[in-house]
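Subject: Handing over a structure

Dear colleague,

I am passing on the structure below, together with some notes for someone who has not looked at it before. Please keep in mind while reading that the model is a predicted one.

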Amino acid sequence: MFNIFAMFALSSYWSYLAVFVSINSAILFAFYNYCSSTHGFWKTLNVPYVRPIPVFGNYFRVAFGMEHHVDLYRRIYHQLAGHKYGGFFQMRTPYLMIRDPELIKTILVKDFMNFPDRGIETDFSINPLSLNLFFSRSKDWKTMRNKLSPTFTSGKLKSMYDQIRNCSDLLILNLRETLKETDEIDFKSTCLKYSTDIMGTCFYGLKMDSLVDESSEFVKYGKTIFKPSLRVVFREISVMINPVFLKILRIRDFPSEASNFFYNTFWNIMKYREENNIVRNDFVQILMQVRKDLVLNENLLPEEKLTDTHIISNAFVMFAAGLETLSSSLSFCLYELSLKKHIQDKAREEIKSIMAKNSSGEIHNDSFTELTYLNMIISETLRKYPAAHALFREASQMYQIPNSSLIIAKGQKLVIPTYSMHYNAQYYPDPETFDPERFSQEEKIKRPSGTYFPFGDGPRICIGKMNR
Ligand code: HEM
């Protein structure tokens, strides 16, 4: 009797196991097929491409943290050498990398109408703070960009000069004090705090004192916005398998604690100003006007209106996009100057000569255009350390690549590899060397356009890049 039960139990155990294994194998097989099903895409179109591996495409090393995106694009860029463009795969998503300077310029500037969006996937219902210029698509983007651009006129920047100067005075004071106690300074962190102070005062009218205030929540949460994490990797992989996973898995673009902090803070700043009738000539004022024109305006049709969330998320994007870019560019610049005393000396001489020319003996806002060598240093910093290692665009309609038979479909995602272009020895000989002379007038005109774009290019260029 016992044996019959035991045999029955054993046989049903094996049956369950068999069913379990079969179901899992079927799921895995379906997943494998689904993820690899697009990998013939570039071959069918007769486009040069980098051979993918099943499931992961060309993304295996990034997915397992063995390679940074910069290195992935650098690898692809070199493997496609000799071609104006070529294909590769991030998981199952086919991307087209554009390598030719003239074609880059055409896509970003001349044919912008065909590529108005970055094509960065997000689910706005889970990520209200992403309803901003950077993520938004054509119609909303155009409306907001037109409204926010006046923040960055040269007149507005001029009016920020004294505020920036106050932050710089505080920085110098802080450095002097620190140097009394130690000769080691964490410059990345100092630059982040300095940039936080500048963004706070110029854009939101807040006196942050981050350099001295160890408990600054702006610094604390500012650091977390772009911090690499498992959430970020998981988000990327999910999007590349299928953007619908963003909805199903409710993956956030930014850490929730930081999102809540920035949402509430920017909302409170606007409310405070409104309730106390505070008027300042700054970015918050512009946002408050946009809110009146596009959120509260009774004369608009519902489809023409924006929401309060649009307003807050654009307050957030300026902080997020400005903070990391400013602080990392500044710290890389100081790092290079610390290694190259002769460049540092030359810059110092230039500054001193401009100060001597001014009756006040100081640098003013108008002096910046005269600081030719310093501008060359900044340009070279942004070549060697571009804050965004690539630009992204998505085709909004079918598009024939000029001088080629390739027609790309609506929705095709493009990568423009800023970092690799900036390190191409054909345009920048000995690219690892920090050499500001590359940006003298004589050297600049020798290079084709479309080989330098630290701020992007075309109508979607960084809004913070000012043309003086
Ligand atoms: C060294 C400083 C900076 C660098 C290198 C930089 C770089 C960039 C790049 C490469 C883009 C993408 C452009 C494209 O796709 O063509 C971008 C977009 C953007 N940047 Fe900057 N940025 C800097 C500073 C700032 C500052 C200070 C702000 C704001 C105060 C800002 C706000 C933005 C915004 C809002 C966008 C999205 C623009 C749009 O889609 O219309 N950036 N930036």
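I begin with a pair of helices: helix H9, which covers residues 217–225, and helix H14, which covers residues 308–339, have axes that come within 10 Å and cross at roughly 75°. Because angles of 65 to 115 degrees count as roughly perpendicular, H9 is roughly perpendicular to H14. On the H9 side the residues that meet the partner helix are Phe-218, Gly-222 and Ile-225, and on the H14 side they are Phe-316, Phe-319, Ala-320 and Leu-323. Sorted by class, this contact of H9 with H14 has 6 nonpolar residues and 1 polar residue, with no charged residues.

A second pair is formed by helix H12 (residues 256–275) and helix H13 (residues 283–295), which pack at an angle of about 80° with their axes 11 Å apart. That angle makes H12 roughly perpendicular to H13. From H12 the contact draws on Trp-267, Ile-269, Met-270, Lys-271, Arg-273 and Glu-274, while H13 brings Val-284, Gln-285, Leu-287, Met-288 and Arg-291. In the contact of H12 with H13 there are 6 nonpolar, 1 polar and 4 charged residues, whereas the contact of H9 with H14 has no charged residues.

The largest cavity is lined by Asp-117, Arg-118, Gly-119 and Ile-120, by Phe-134, Phe-135, Ser-136 and Arg-137, and by Arg-460. By class, that lining consists of 3 nonpolar, 2 polar and 4 charged residues.

As for pockets, the second largest pocket has a volume of about 250 Å³, and of the 16 residues that line it, Thr-93, Pro-94, Glu-121, Gly-411 and Lys-413 are the closest to its centre. At least two residues of the lining of this second largest pocket come from strand S2 (93–98), and at least two come from helix H10 (230–241). The classes represented in the lining of the second largest pocket are 7 nonpolar, 5 polar and 4 charged residues.

Finally, on the scale of the chain, the domain assignment gives domain 1 as 2–36 and domain 2 as 123–339, and the centres of domain 1 and domain 2, taken over C-alpha atoms, are separated by 52 Å.

With best wishes

Key
Residues numbered from 1 in each chain as written. Predicted model: local features only at pLDDT ≥ 70, side-chain atom pairs only at ≥ 80, totals over all residues. Heavy atoms only, no water. Axes fitted to C-alpha atoms, helices over the stretch in contact; angles between N-to-C directions. Helix = DSSP H or I, 4+ residues; strand = E, 2+ residues; numbered from the N terminus. Parallel < 35°, antiparallel > 145°, perpendicular 65-115°, else oblique. Contact = heavy atoms within 4.5 Å. Nonpolar A, V, L, I, M, F, W, Y, C, P; charged D, E, K, R; others polar. 1 Å grid on protein atoms, 1.4 Å probe; cavity = no way out; pocket = protein on both sides within 12 Å on 5 of 7 lines; lining within 4 Å. Points joined across faces, edges and corners; volume = space filled by probe spheres on them. Domains from an automatic or database assignment.
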